[in-house]
Amino acid sequence: MYILGGYQTDFAKNWSRLDLAVFDMLKEVVEGALANADISPLEIDTAHIGNFAGELFNKQAQLGGLFAAIHPDFAGIPTSRHEAACASGSMAVLAASPEIEAGRYDLACIIGIEEMKNVPARKAAEYLGSACWLGKEAVNATYPWPYLFSEIAEEYAKRYGLSNVHLAELAKKNLYNAQSNPNAQTRNWKLDKENFLEDEQQNPVIEGRLRQIDCGRITDGAACIILASEAYAIEYARRKDIRLSTIPKIKGWGHRTATMLLKDKMQESSDSPYVFPHVRRTILDALFRSNIKSIDELDVIETHDCFTISEYLAIDHFGLTAPGRSYEAIESGMIAIDGKLPINPSGGLIGAGHPVGATGVRMLLDAYKQVTNTAGDYQIEGSKNVATLNIGGSTTTSASFVVGV
């Protein structure tokens, strides 16, 4: 499967303040992706949309019908919507992929989209809490997801030890990386050293051991990629007078779903060196299917840092360090933008922003940009293989891809 191009909206943009709605966002991102790939609307065979909570934030369902309203040439094409909390975008990709592999369709338009700035923070937290098991976990939490990911941090601390200084370093890396990303939510933020300290004014506790700087911010945004079969890509390469080998491919994928309750996941992994062995298997599945035999063959990782602890766990679950020793990759500079294996040169979720349904697709778009040398000021030179990790819930859903040329 080949990625022919894509587009991302400005994740700092507040659409409701501009009297714009989710359809306007959908229209911009699709038209932008078609223009970027130089594809006619008439050529699109099918569309898949990743969206977590349109009915809650926007009171809007049936997003496939909105897609068909974008252009007359979309009338009648099959569309569907996919939900897996923060991994919704990746589910849209995974749904489109077998359709292309089976030969049903040659060209798919895949969108991840979410509008989330149109409600107050407490209401947004309530809506987001619908992705945990309501009434069974985070029952007394003001902010359910910071609470649950604080529990993950406590589990790491119990098993291996954990320093908040290392978590703050991850936030600092991602926020400074984002200042080079023209679509990042935080690109114009002014950062002071106090923002990264245990300071109750500049960096207050949100839940448990997680402070404000440890938390990614939800936002409005959409991302879109155009996914093609090999047959279409061959003709496309001929039309564009380029070599097929220069068009990025999804080389491999991994997808696993764990039990819902975080405490059950912790219990199940009590005898494993990995806190989330199913996440480790998801990553290994993607690497195996990509014929990647060593982590050294990767050039970049775009991972899910909804909280700093989720990037911390990604480091050892990718195998950059032994289990529980992710701090070594932080201290050595290995994952810095100029390091041996940069993580989140885009800024990740903490820096770039986290419109929930869009995140999985945005990661793949950034992977595409890296391997086509079109990432601009956050380009990692010479990138050939980029891996992603997108999680939904307390790692309930995990999806990983490898994009390469």
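Colleague: Leaving aside neighbours within four places in sequence, which residues is Thr-388 in contact with?

Modeller: In this predicted model, Thr-388 is in contact with Glu-302, Phe-318, Met-363, Leu-364, Ala-367, Ala-399, Ser-400 and Phe-401.

Colleague: Where is the place of Thr-388?

Modeller: Thr-388 sits in strand E10.

Colleague: And is Thr-388 buried or exposed?

Modeller: Thr-388 has a relative accessible area of 1%. Buried means under 20%, so Thr-388 counts as buried.

Colleague: Let's step back. How many helices and strands does the protein chain have?

Modeller: The protein chain has 14 helices and eleven strands.

Colleague: What radius of gyration would a compact globule with 405 residues have, and what does the protein chain have?

Modeller: A compact globule with 405 residues would have a radius of gyration near 22 Å. The protein chain has 20 Å, which agrees.

Colleague: What box do the C-alpha atoms fill?

Modeller: Taken along the principal axes, the box is roughly 55 × 45 × 40 Å.

Colleague: What share of the residues count as buried?

Modeller: Of the 405 residues, 59% count as buried. As for the surface, the protein chain exposes about 15,600 Å², and carbon and sulfur atoms supply 48% of that area.

Colleague: Now contacts between residues at least 6 apart in sequence. What percentage join residues at least 24 apart?

Modeller: For the protein chain that figure is 77%.

Colleague: On to the inside. How many residues are in the largest nonpolar core, and which have the most contacts inside it?

Modeller: The largest nonpolar core has 59 residues. Those with the most contacts inside it are Phe-149, Ile-152, Ile-309, Phe-318 and Leu-320.

Colleague: Which elements give two or more residues to this core?

Modeller: The helices that do are H5 (121-128), H6 (144-160), H7 (164-178), H9 (262-268), H10 (277-289), H11 (308-318) and H12 (327-332).

Colleague: Take Ile-309. Which residues does Ile-309 touch, not counting residues up to four places away in sequence?

Modeller: Ile-309 touches Phe-149, Ile-152, Ala-153, Tyr-156, Leu-162 and Leu-167.

Colleague: What about backbone angles? What is phi of Asp-19?

Modeller: Asp-19 has a positive phi of about 60°, although it is not a glycine. Asp-19 lies in the loop between strand E1 (2-8) and helix H1 (22-37).

Colleague: And what is phi of Asn-344?

Modeller: Phi of Asn-344 is near 60°, again a positive value in a residue other than glycine. Asn-344 is in the loop between H12 and helix H13 (348-352).

Colleague: Buried or exposed, Asp-19 and Asn-344?

Modeller: Asp-19 is exposed, with a relative accessible area of 72%, whereas Asn-344 is buried, at 0%.

Colleague: One more loop. Where does Ala-141 lie?

Modeller: Ala-141 lies in the loop between H5 and H6. Its relative accessible area is 16%, so Ala-141 is buried.

Colleague: Which residues is Ala-141 in contact with, leaving aside neighbours within four places in sequence?

Modeller: Ala-141 is in contact with Tyr-147 and Glu-207. Gly-129 is twelve residues from Ala-141 along the chain, and their C-alpha atoms are separated by 9.8 Å.

Colleague: Last topic, charges. How many positive and negative charges are there?

Modeller: The protein chain has 38 positive and 50 negative charges. Their mean positions are 2 Å apart.

Methods: Residues are numbered from 1 along each chain as its sequence is written. This is a predicted model: local features need pLDDT of at least 70, side-chain atom pairs count only at pLDDT 80 or more; totals for chains, interfaces and linings use all residues. Side-chain values use heavy atoms; hydrogens and water are left out. Helices (H or I, at least four residues) and strands (E, at least two) are DSSP runs, numbered from the N terminus. The radius of gyration is taken over C-alpha atoms; the globule rule is 2.2 Å times the number of residues to the power 0.38. Buried means under 20% relative accessible area, exposed over 50%, partly exposed in between (1.4 Å probe, protein chains only). Contact means heavy atoms within 4.5 Å. Accessible areas come from the Shrake-Rupley method with a 1.4 Å probe; for residues, only the protein chains shown count as cover. Lys and Arg count as positive and Asp and Glu as negative; His and the chain ends are not counted. The place of a charge is taken as NZ of Lys, CZ of Arg, CG of Asp or CD of Glu. A nonpolar core is a set of buried Ala, Val, Leu, Ile, Met, Phe, Trp, Tyr and Cys residues joined through side-chain atoms within 4.5 Å.
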